[in-house]
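Please read these comments with the model open beside you.

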Amino acid sequence: MFFTILLFAGLLWLSSKVIAPVVGEVMRHRGRLAGRSLTLRELYLLGRLPFKYYKNNQIDGIRNGIAALWVETAKEIKARKIQQPGGNIHTALFYYCQGVVLEHHFAAPRPLPDRVRLTPEMVEIVDRKSRGIEPIAEKDMRRYYSLNPTAWRHKFDELKESFQPGGTEEFHRQVCGLAGLNDRVEAKRKMFFDAHLVLVKHDRERSLECFFQYFDKARTLNLPRAISQANRKLLFDDQEQLRKYNELLAEAKTRAFDEVSGRIAGIYVRERKKIELDPAAIRDADLKQASIAETLGAYLDDEPEPAHVAPAVSPSNGDDTKNQLVELFKAAGFRVNKREVDIFAKSRGVMPGQLIETVNETYYELLDDVLIEEEESHYVMDKEYCAQIEN
């Protein structure tokens with residue numbers, strides 16, 4: 001009688017310390033598995049998982065995914081009566097299923113299967129059934145990244161490997177999505193700066209946007225990273241664009257990214273020069289010209305010869321001259337030194353300013369804008385307008 005009572009008490013203790021926690025945990029977190037109720041067989045299989053499974057997997061979505069894959073694999077191994085190489089396969093199978101699930105959701109490196117306990121047939125079952133892994137909630141992904149500070153790097157490396165030059169917009173969207181799942185500022189800084197480096201040779205506007213997103217998270221640092229000199233040459237064509245960038249960067253030191261992001265594209269918009277004529281200066285010039293003409297007339301004995309005026313671009317040779325000028329700009333990368341334009345125009349009997357003006361007037365009705373603009377030492381032809389007039 002005493003031994004019977006002792007045995008009964010031992011069973012109660014075992015039930016309260018071992019069986020009850022396992023079954024209770026299973027029923028509490030996995031009352032439904034893969035969208036359906038658990039069977040007694042599945043409860044039994046889950047009860048054979050290692051105890052550290054309940055301790056180490058703190059995220060319900062990931063834990064349920066591992067359990068579902070593990071149970072389905074174990075059931076098929078049992079149904080097919082696959083010969084076990086020896087030892088308890090449950091722990092080895094669990095850890096392999098865990099690696100497969102983490103790879104699926106977070107691109108984490110998949111562990112090598114335990115070849116001592118898992119046969120190739122077992123590994124094939126896990127890989128096949130992993131195609132049906134269900135998505136997890138956003139809160140579970142955030143929780144995983146918060147518990148694993150460097151886990152974002154695996155997903156980012158996967159995005160870099162799959163990046164195509166024509167997919168800069170999609171790459172930037174996915175990087176922003178990955179950053180949104182990471183609450184750690186340090187992780188956001190690193191991924192945005194690395195994204196800036198990936199895009200710098202393919203999409204300079206999005207590359208610059210990634211840099212400003214990095215700077216928004218790094219402006220509190222004593223020495224935030226800057227764009228390298230080599231990458232500045234890729235991002236900016238001239239000093240004007242560099243000046244706009246520096247001005248916007250100075251504003252970004254005290255303003256949030258959302259407040260300056262809308263002006264990033266404006267760095268690459270060429271500003272049109274506004275020419276304002278002073279009526280008083282024009283009148284003074286006319287008076288001086290009249291005075292000079294009167295003075296010259298007093299010293300001339302004979303009838304004055306008409307002043308030499310450079311011939312205009314006539315219809316007979318005008319089209320050839322204009323076409324040759326366009327070809328000159330195309331060959332020089334749409335930016336020609338004023339000296340070269342001067343030589344070109346005078347070789348054809350016209351003044352450079354008159355030639356540029358004639359070309360702009362010719363295409364103004366089509367473009368509703370000027371084709372060629374004047375800078376301090378160069379003439380610049382708009383590349384898009386050039387393609388438009390050739391079509």
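The numbered points below describe what can be seen in this model.

1. Overall make-up. The model is predicted. The protein has 19 helices and 5 strands. Of its 391 residues, 37% are buried. Take the contacts between residues at least 6 apart in sequence: 66% of them join residues at least 24 apart.

2. The largest core. The largest nonpolar core contains 68 residues. Inside this core, the residues with the most contacts are Ile62, Phe171, Leu208, Phe212 and Tyr245. Which helix gives the most to this core? Helix 5, residues 89-106, does so, with 10 residues.

3. The second core. A separate nonpolar core is made of 21 residues. Among them are Val326, Ala345, Leu367 and Leu371.

4. Phe171 in detail. Residues up to four places away in sequence are set aside here. Phe171 then touches Phe156, Leu159, Lys160 and Phe163, and also Ala195, Val198 and Leu199. Phe171 was listed above as one of the residues with the most contacts inside the largest core.

5. Helices 11 and 13. Two packed helices are described by the angle between their axes and the distance between the axes. Helix 11 covers residues 204-218 and helix 13 covers residues 239-252. Their axes come within 11 Å and cross at roughly 25 degrees. An angle under 35 degrees counts as roughly parallel, and helix 11 and helix 13 are therefore roughly parallel to each other. Their crossing is right-handed. On the helix 11 side, the residues that meet helix 13 are Arg204, Leu208, Phe211, Phe212 and Phe215. On the helix 13 side they are Gln241, Tyr245, Leu248, Leu249 and Ala252.

6. Helices 5 and 7. The axes of helix 5 and helix 7 (residues 138-147) come within 12 Å, and the crossing is at roughly 105 degrees. Angles of 65 to 115 degrees count as roughly perpendicular, so this is the description that applies to helix 5 and helix 7. Helix 5 makes the contact through Leu102, His105 and Phe106, and helix 7 through Met141, Tyr144 and Tyr145.

7. Helices 17 and 18. At what angle do helix 17 and helix 18 pack? Helix 17 (residues 338-346) packs against helix 18 (residues 352-367) at about 90 degrees, with the axes 8 Å apart. This pair is therefore roughly perpendicular as well. Val341, Asp342, Phe344 and Ala345 of helix 17 are in contact with Pro352, Leu355 and Ile356 of helix 18. Ala345 is also included in the second core.

8. Val260. This residue lies in helix 14, residues 257-260. Is Val260 buried or exposed? Its relative accessibility is 1%, so Val260 counts as buried. Apart from neighbours within four places in sequence, Val260 is in contact with Leu248, Ala252 and Arg255. Val260 and Leu248 are 12 residues apart in sequence, and their C-alpha atoms are 7.2 Å apart.

9. Cysteines. How many disulfides does the structure hold? The number is 0. A disulfide needs two cysteine sulfur atoms within 2.5 Å. For Cys210, the closest cysteine sulfur is in Cys176, at 6.3 Å, and that is too far for a bond. Cys210 has 0% relative accessibility and so counts as buried. Cys97 is also buried, with a relative accessible area of 0%.

Conventions. Residues numbered from 1 in each chain as written. Predicted model: local features only at pLDDT ≥ 70, side-chain atom pairs only at ≥ 80, totals over all residues. Heavy atoms only, no water. Buried < 20%, exposed > 50% of the residue type's maximum accessible area, 1.4 Å probe, protein only. Core = buried A, V, L, I, M, F, W, Y, C linked by side-chain atoms within 4.5 Å. Helix = DSSP H or I, 4+ residues; strand = E, 2+ residues; numbered from the N terminus. Contact = heavy atoms within 4.5 Å. Axes fitted to C-alpha atoms, helices over the stretch in contact; angles between N-to-C directions. Parallel < 35°, antiparallel > 145°, perpendicular 65-115°, else oblique. Left-handed = near helix turned anticlockwise from the far one by under 90°.
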